[in-house]
Amino acid sequence: MSTETTASVSTHILDTSVGRPAEHVAVQLSARSGPSADWQALGGSATDADGRCKDLPALPEGTTHVRLDFDTETYFAKKQAAAQQDAPALRDSENGRPVFFPEVTITFAVVPGEHYHVPLLLNPFGYSVYRGS
C-alpha cells in the first residue's frame with residue numbers, strides 16, 4: 001500500500017490468445033532511486049488463478065523507477081505442452097523458442113503516494129501494457 005513517502009505497485013496478466021487470466025507467471029520486481037541509480041531487486045511473486053500478483057514487495061522510500069520482469073517463456077512452454085495435440089505449435093523457428101518474447105520487462109516512473117496498477121495483455125507473439133486503476 002502506498003504512503004505519502006512511497007508508491008505501490010500491483011499487476012495482473014490476461015492471456016489474450018485464450019481470453020483468460022495467465023496463471024503461474026513468475027514476476028520479479030526491481031526499483032531504483034533515480035535514472036542513473038542501480039536497480040535493486042526487491043523480490044517476486046507469481047500470478048494466481050485470476051492472473052494477479054497480490055503479494056509483490058513494498059517499494060522502498062525514494063523509489064523513482066520500477067521494473068517488472070515477467071517470465072513469459074515458461075508460461076507459454078507449459079501451456080503449449082498441455083495443449084500440444086489441440087492447437088498449432090507455438091514457435092519461433094529462428095531460435096527454437098516456444099514464444100517470440102521469452103520475457104517481458106516493463107519499466108515505469110513513479111511518484112510517492114501514488115498506486116500503480118500495471119496490467120499486461122499477453123499472447124505468444126505480442127503484448128501491450130498500460131497504467132490501470
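Student: How confident is the predictor in the protein chain?

Tutor: This is a predicted model, so confidence is read before anything else. The protein chain has an average pLDDT of 88, and 84% of the residues reach at least 70.

Student: Where does pLDDT stay under 50?

Tutor: Over residues 90-95. The model has ten contacts beyond four places in sequence for that stretch.

Student: How many aromatic pairs are there?

Tutor: Rings count as a pair if their centres lie within 6.5 Å. The count here is four aromatic pairs. One of them joins Y75 and F76, at 4.9 Å centre to centre with 65° between the planes. Planes over 60 degrees apart count as edge-to-face, so Y75 and F76 form an edge-to-face pair.

Student: What kind of pair do F108 and Y116 make?

Tutor: A tilted one, because their planes are at 40°, with the ring centres 6.1 Å apart. Both F108 and Y116 are buried.

Student: Which residues do ring pairs link into a cluster?

Tutor: F100, F101 and Y127.

Student: Which residue lies over the face of W39?

Tutor: R67 does, at 4.6 Å from the ring centre.

Definitions and conventions:
Residues numbered from 1 in each chain as written. Predicted model: local features only at pLDDT ≥ 70, side-chain atom pairs only at ≥ 80, totals over all residues. Heavy atoms only, no water. pLDDT = per-residue confidence, 0-100. Contact = heavy atoms within 4.5 Å. Phe/Tyr/Trp six-rings, centres within 6.5 Å; stacked < 30°, edge-to-face > 60°. Buried < 20%, exposed > 50% of the residue type's maximum accessible area, 1.4 Å probe, protein only. Lys NZ or Arg CZ within 6 Å of the ring centre and 35° of its normal.
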